[in-house]
Amino acid sequence: MIYEPSVLAVVVFFAFVGVTLGLSFWLGGKAKTSEGYFSAHGQIPWFINGVAFAGDYLSAASFLGICGMIAFYGYDGFLYSIGYLAGWIVALFIVAEPMKRLGKFTFADALNSKFNSPGIQITAGLSTLVVSVFYLIPQMVGAGVLVTPLLGFPHWAGVVLVGVTVILIVVTAGMVSTTWVQFLKGSLLVIFSAILTFMLMLRGFETAEGGADGHKLRTLGPFTTKTLADDLGKDESTKQWTLIPADSAWEKTPFVRLKNTEGAVTVWKKEEAQAGKFLLTEAQSLTKTIEGTVIVNGLIKGNKKGEPELHPVGHISKLPGGKEKTGPLGLLSFFSTLQESEIILWPKKVIKEEDGATTTVYYQKPTPGSQVLRPGEHPRFKGIRSNDPIDKLNFLSLMLALFCGTASLPHILIRYYTVKDEAAARKSTIVGIVTIGFFYILSLYMGLGAMTSGALDVTNSNMAAPLLARSIAEWLFAAISAIAFTTVLGTVSGLILASAGAVTHDLMGHLLHIKMNDAEQVRVAKISSVIVGVIAIILGILFKDMNVSYLVGWAFSVAASANLPSLIMLLFWKKTTSQGIISALIVGMVSSLGWILLSEDTFTKVYGLNAEAAWVPFSQPGIVTIPLGFLVLITVSLMTQPKPDKPEP
Amino acid sequence: MSGSQTKRLPLVLFGIYLLLYGGFIVINLFATNLMELTPFAGVNLAIWYGFGLIIAAILLAFIYGIAGADANETSSEVPEKKEVSK
């Protein structure tokens, strides 16, 4: 699709950046000591901290990724919402208060509270860095993906813009400014998502024959395979079309290509009709030639409004009772209406042409609403409907990692040090759960609303929520787009601060044995923030073309495998030793990373190899590596128990 | 609420949620078609259960918050009583 930069979105975004930077410089005086810089002196009010939890946690993956996945596949995206929120139960009931009681600045502080072991501090610091960097990459790439359509800048400009803004926020006032940015972002995200959902309900559903640009998707036929070439051109509806004979790349696909009188080639999908005949339904195609030319629906892709582009899609073809429009809907009738409707989904198929070009065909798939609203339709969740136990294990493993990962994410854990006591830590987690839970409920409405909005971009599922807003009102689009940007700002600032804390507090002091006074610690933390920020910018630009959404999944799996066993056992098993914790951290980190690097997901999406070449049976490591972390900790701890004092003679 | 009850409560609440979450996963894995049933208001079980898990998390969090506040009040009252007895 061609996006015209929204002036209003640019204004709203820069206004937000201006306010947050102004706030950061104003608050800068409160971050002159290491306690101020890393933990805001523990003086953040619990309610502010709770909403900041939401601002920290609801990353681009949550807001854009989940809405996009629901918009293209239905209910399955909501499984992420469920899993992500469930993780907060572990945080509230198991981790929140002990983290506040045991730690000071970093996650490593809490783990090391009973042992004073340099080894724990170093390995936990390294784990923090690894998890934070994996989490940073998709956020930065997300910034670039957003900036191009929304503000009209190139990808690198978006990454640099976000990177520089976040570095300024973190360097000026550390945790104080980071907290306020996250509070603002969390509040705006939930408020505007609620407004968007409310307006979606007011609009209701209506049937359509195409997307929001008014293009009606055509159907030709019925034909038979033998007579298709001859039948084309016989009547008014088909006279402009000529069949292009299928070559080796196309002959085994369900598609045919037709050329019109102007020479433009369009792709159509065969749909079975009665008596051995078939219909041709209009598909969309995007071809990248080896010279780099991009062709959409047979014409060279344009750059301005009115020039050739892919049509926006996503509509309801049938409503219950043959209605054409529902009028305003309620919270439940929204789902019950959709359950009885027929929705046009847009799967894709990639075809390697004989001349080296690659054509992606996006085709219509009329789907009953009942199927859209059931789990197990997305390839990542095929385990739900598969009889293969390996697929089922993969699903179980993902849900386990989501459940265990949240309470192990370093940038979330450090937020427990910003409140004054354990009661405040508990209360702020409760506020976080309410805010995040409310948002995740809205995510299902927004995703399904986008699916039926006629505004979807088939090439970019991440744009589903902003485009849904555009289909309702331009001002809402500006607000949601600007908030999408701030989503990245809030999460990235938390990650950079967690990384800077690990470098300054855990690694430099214990690995390099550098003694620093308070002012030096703050200075080093600020320099570390700049370095981590610059690395994040570089990685965000380097990973531009890579599908990085699953890196968030990596971060969750590594965090859950490396950090959670140590944290839980430290709290609940008196025989835990420092050697046990160090071993569990290392084994959890290495095994989960190793598993991921040898998995089908990485082989196909990163290395470009066949799925069959993968070394491990399923992609999600959690179900193996989380128990492994516990097992290693217990075994090593039992082997390294302190010898009992000899009884006096 | 006594000290041991206060300590046990989060684990009990965690256990309750774990059962609910585990039940959701087990149904998805082994009785998938149940999720397509529409038990109430024309909305399927997958949505009811998903929303239920989110609302349950919020309710359990509130229960813990209220119990925790009671416990804090109780514990903050204890030293005052001691001072009076001096």
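## Basis of the model

Residues are numbered from 1 along each chain as its sequence is written, while chains are lettered from A and ligands numbered from 1 in the order in which they are written. In this predicted model, local features need pLDDT of at least 70 and side-chain atom pairs count only at pLDDT 80 or more, but totals for chains, interfaces and linings use all residues.

Chain B has two helices and zero strands. Helices (H or I, at least four residues) and strands (E, at least two) are DSSP runs, numbered from the N terminus. Of the 86 residues in chain B, 24% are buried, meaning that 20 or more other C-beta atoms, placed from the backbone, lie within 10 Å of the residue's own.

The contact between the chains takes 35 residues from chain A and 31 residues from chain B; two residues are in contact if their C-beta atoms, placed from the backbone, lie within 7 Å. On the side of chain B that touches chain A, helix H1 (3-30) and helix H2 (45-85) of chain B are the elements that give two or more residues. H2(B) gives the most, with 14 residues. This side has 21 nonpolar, nine polar and one charged residues. Here Ala, Val, Leu, Ile, Met, Phe, Trp, Tyr, Cys and Pro count as nonpolar, Asp, Glu, Lys and Arg as charged, and the others, Gly among them, as polar.

## A helix pair in chain A

Two packed helices are described by the angle between their axes and the distance between the axes. For helix H3 (residues 46-57) and helix H14 (residues 422-451) of chain A, the axes come within 7 Å and cross at roughly 45 degrees. H3(A) and H14(A) are therefore oblique to each other (angles under 35 degrees count as roughly parallel, over 145 as roughly antiparallel, 65 to 115 as roughly perpendicular and the rest as oblique).

Residues of H3(A) in this contact include A:Trp46, A:Phe53 and A:Tyr57, and those of H14(A) include A:Lys427, A:Ile436 and A:Phe439. By class, the contact has eleven nonpolar, six polar and one charged residues.

## A sheet in chain A

Three strands of chain A form an open antiparallel sheet in the order S9-S10-S13. Strands pair if DSSP finds at least two bridges between them. Strand S9 (315-318) and strand S13 (365-368) of chain A each have a single partner strand, so one side of each is left without a neighbour in the sheet.

Strand S10 (residues 342-345) of chain A is joined to S13(A) by four bridges. A:Ile344 has A:Pro366 in S13(A) as its bridge partner.

Key:
Buried ≥ 20, exposed ≤ 12 C-beta atoms within 10 Å, placed from the backbone. Axes fitted to C-alpha atoms, helices over the stretch in contact; angles between N-to-C directions.
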